[in-house]
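Open the model in your viewer and keep the selection panel handy. We will walk through it one stop at a time.

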Amino acid sequence: MEQYKQEFIEFMVASDVLKFGDFTLKSGRKSPFFMNAGGYVTGSQLRLLGEYYAKAIHDNFGLDFDVLFGPAYKGIPLSVATAMAISELYGKDIRYCSNRKEVKDHGDTGILLGSKIKDGDRVVIIEDVTTSGKSIEETFPILKAQGNVEIKGLMVSLNRMERGKGEKSALDEIQEMYGFPAAAIVTMADVTEHLYNRECQGKIVIDDQIKDAIDAYYEQYGAKQQ
């Protein structure tokens, strides 16, 4: 596993974004882990987060694109931080864009924040975590309405590797439905492999008990791999 992926896993734990224990998800599933990307709140956390996303986008999709689109609301700081990191790490200027939840009819009008999107633009979508693909359902028509754009891919921070609406993971379902690749900085398998019985932040966060709970969770909810 690449160094930045290992660092990112420990960064999620240190930022209290990835937690282990007993959680009930919005879907009603009982899960031994929970991710809350709202935990990235400081300047230094956002700077690092942008760098991890930038490296993952570079590795998965390359940098031959024009616009980084972050769906409202959580995607707004992600797209800003990552566009800055791509500029700093790779010397490439990418425009950032996000949508508003409500169309604005005065001043800077319309549904978009940041850069306008036009015919011929190549777009990478950036999100925190995708469990159902619902936000892409909302985002895809907005992007297509702006003009003849090419979506190069979707990047999320963590692939939970569990079933979406059918038997496959939400990322695989998005790839099939919309025809663009979807990738994550790390998968839950990477997380488990890296943290199992290894000290992180002065303690072992995945011990035998948590590991058994994770394995049981995937027995029940794990996605069929492509």
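UniProt positions are given here in the numbering used for this structure, feature names are shortened, and annotations may be inferred rather than shown by experiment. This is a predicted model, in which local features need pLDDT of at least 70 and side-chain atom pairs count only at pLDDT 80 or more, while totals for chains, interfaces and linings use all residues. Residues are numbered from 1 along each chain as its sequence is written, and side-chain values use heavy atoms, with hydrogens and water left out.

**Stop 1: the annotated site.** Select Thr 131 and Arg 160, where UniProt, in an unreviewed entry, places the feature "binding site". Arg 160 sits in the loop between strand S7 (150-159) and helix H5 (170-178); helices (H or I, at least four residues) and strands (E, at least two) are DSSP runs, numbered from the N terminus. Is Arg 160 buried or exposed? Its relative accessible area is 5%, so Arg 160 is buried (buried means under 20%, exposed over 50%, partly exposed in between, with a 1.4 Å probe and protein chains only).

**Stop 2: H2 against H3.** Now select residues 43-61 (H2) and 75-90 (H3), whose axes come within 7 Å and cross at roughly 70°. Axes are lines fitted to C-alpha atoms, for helices over the stretch in contact, with angles from 0 to 180 degrees between N-to-C directions. The two helices H2 and H3 are therefore roughly perpendicular (65 to 115 degrees). Show side chains for the contact (heavy atoms within 4.5 Å): among them are Leu 46, Leu 49 and Ile 57 of H2, and Leu 78, Ala 81 and Leu 89 of H3.

Stop 3: Gly 62 lies in the loop between H2 and strand S3 (67-70), and at 21% relative accessibility it counts as partly exposed.

**Stop 4: H1 and H6.** Select residues 3-14 (H1) and 188-195 (H6), with axes that come within 10 Å and cross at roughly 85°. H1 and H6 are therefore also roughly perpendicular to each other. Gln 6, Ile 9, Glu 10, Met 12 and Val 13 of H1 meet Asp 190, Val 191, His 194 and Leu 195 of H6.

Stay on H6: six of its eight residues are buried, so H6 is largely enclosed by the rest of the structure.

Technical notes
Parallel < 35°, antiparallel > 145°, perpendicular 65-115°, else oblique.
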